[in-house]
Amino acid sequence: MEPIIKAIDVQYCTLQCPDLDIQEQFLIHFGMHTVEKSEDTLLMRGEGPQPFIEKCIRGDKKFISAAFIAASMDDLKKLSESEDFSDIEELTTPGGGFVTRAKDPDGIGVEVVFGIEERPDYSEISPYPTNEGTNVNRVNQIKRYPKGSYPKIIRFAHYGINSKDISKAMDWYKKHLGVIPSDKLWAGDSKDSNTPLMGCFSRLDRGKEPADHHTIFWLDANAQSEGIPGLNHVSFEMLNIDDVFMGHEIMQQKKEEFNYELEWGVGSHYQGSQIFDYWRSPFKQTHEHQTDGDLLDNTIPCNDINMIENTGGMPGDAPGPSQWGPPINLGTFGDKRGI
Ligand SMILES: [Fe+2]
């Protein structure tokens with residue numbers, strides 16, 4: 001069955017946090033800039049054209065929603081006329097635009113937006129070209145980063161959700177937004193109908209246009225968060241690998257004074273191949289820096305991965321959490337309850 005629409009990207013995430021001053025400081029150290037701050041709402045941006053990429057609402061710690069982008073106003077209307085989505089509303093946040101809202105089967109909020117304008121002060125920044133072996137792109141150009149400079153975030157790129165029923169969630173996002181699976185993680189042989197599905201990396205169907213390997217990563221809430229659905233992490237694409245490592249250095253310097261916690265990194269993922277680094281905010285809401293991920297068009301079929309034998313899913317890959325990098329900290333996914 002054809003999906004109602006095919007979303008083309010994600011725009012921002014919305015989190016609820018007990019203290020917006022603490023959250024603002026964390027996000028500045030993480031690499032964002034303050035756009036607007038009131039008693040109840042905080043908007044933060046990166047270096048990209050989006051007027052904001054993280055919205056924080058004052059309240060008990062909670063993940064509220066992620067915002068997907070529709071390809072047209074007609075698509076937004078189509079979705080708003082479907083059973084699960086609300087009437088279209090005009091957004092009053094910077095950049096304007098329109099939104100329709102729903103709740104997914106786990107009770108996680110989903111926004112779909114159209115018509116948000118670029119921030120007026122946007123000017124594109126480019127990473128230094130890389131020299132890698134015979135792939136020479138930088139000649140007569142010296143690479144320098146000011147010591148202690150904050151890492152550059154390009155965009156909100158994906159998020160992870162602990163789900164009560166991954167298959168049910170996948171069906172819902174496929175039907176409404178055209179989300180397709182990239183890699184399914186099985187605790188054994190996927191051909192055995194008793195094998196539990198532990199995770200699924202899913203991407204947007206942009207036809208022949210490349211899409212991030214995953215826009216949503218579902219994990220099994222029973223394994224991660226005592227059966228309670230909620231946020232696993234929000235992830236932000238960095239300008240390049242230097243920004244991931246500079247971010248790591250800054251967060252290491254600040255962690256004791258500001259109560260940040262390194263969850264996992266720096267390392268290289270199997271699924272998606274990103275160079276990653278995960279940090280927990282003082283409210284234990286995990287934020288990821290990542291760069292250099294795989295891009296796939298819609299011709300690549302889903303990979304069923306037996307995590308017991310081979311986590312990467314490619315010949316010669318070993319079982320384990322990453323291609324390289326430190327082990328996951330004990331309790332990495334252990335206190336995600338109710339986020
Ligand atoms: Fe991630």
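Two residues are in contact if their C-beta atoms, placed from the backbone, lie within 7 Å. In this predicted model, residues 24 or more positions apart account for 65% of the contacts in the protein chain with a separation of 6 or more. The protein chain has 5 helices and 21 strands. Its radius of gyration is 19 Å, close to the 20 Å that the globule rule gives for 339 residues, so the chain is as compact as a globular protein of that length.

**Overall dimensions and burial**

- The C-alpha trace of the protein chain spans about 55 × 50 × 40 Å along its principal axes.
- Of the 339 residues in the protein chain, 44% are buried.

**The sheet of 9 strands**

- Strands of a sheet pair through backbone hydrogen bonds, either parallel or antiparallel.
- An open sheet with mixed pairing is formed by 9 strands, in the order β17-β18-β19-β16-β11-β15-β13-β12-β21.
- At the edges stand β17 (261-268) and β21 (303-306); each has a single partner strand, so one side of each is left without a neighbour in the sheet.
- From one strand to the next, the twist averages 20°.
- Within this order, β18 (residues 275-280) and β19 (residues 286-291) pair in the antiparallel sense over 6 bridges.
- W279 has H287 in β19 as its bridge partner.
- Helix α3 (residues 166-177) lies across β11 (153-163), β12 (179-186), β13 (197-204) and β15 (216-220), and runs at about 10° to β13.

**The sheet of 8 strands**

- Another open sheet, also with mixed pairing, is made of 8 strands in the order β2-β3-β4-β1-β5-β8-β7-β6.
- Its edges are β2 (33-37) and β6 (89-90), each with a single partner strand, so one side of each lacks a neighbour in the sheet.
- The pairing of β2 with β3 (residues 41-45) is antiparallel and runs over 4 bridges.
- R45 in β3 stands opposite H33.

**A helix pair**

- Two packed helices are described by the angle between their axes and the distance between the axes.
- The axes of α1 (residues 20-30) and α5 (residues 241-258) come within 9 Å and cross at roughly 150°.
- Angles over 145 degrees count as roughly antiparallel, and α1 and α5 are therefore roughly antiparallel to each other.
- On the α1 side, the contact is made by Q25, F26, H29 and F30.
- On the α5 side, G247, I250, M251, K254 and F258 take part.
- By class, this contact of α1 with α5 has 5 nonpolar, 3 polar and 1 charged residues.

Note on methods:
Residues are numbered from 1 along each chain as its sequence is written. This is a predicted model: local features need pLDDT of at least 70, side-chain atom pairs count only at pLDDT 80 or more; totals for chains, interfaces and linings use all residues. Helices (H or I, at least four residues) and strands (E, at least two) are DSSP runs, numbered from the N terminus. The radius of gyration is taken over C-alpha atoms; the globule rule is 2.2 Å times the number of residues to the power 0.38. A residue is buried if 20 or more other C-beta atoms lie within 10 Å of its own, exposed if 12 or fewer, and partly exposed in between; C-beta atoms are placed from the backbone. Two strands pair if DSSP finds at least two bridges between them. Axes are lines fitted to C-alpha atoms, for helices over the stretch in contact, and angles run from 0 to 180 degrees between N-to-C directions. Angles under 35 degrees count as roughly parallel, over 145 as roughly antiparallel, 65 to 115 as roughly perpendicular and the rest as oblique. Ala, Val, Leu, Ile, Met, Phe, Trp, Tyr, Cys and Pro count as nonpolar, Asp, Glu, Lys and Arg as charged, and the others, Gly among them, as polar.
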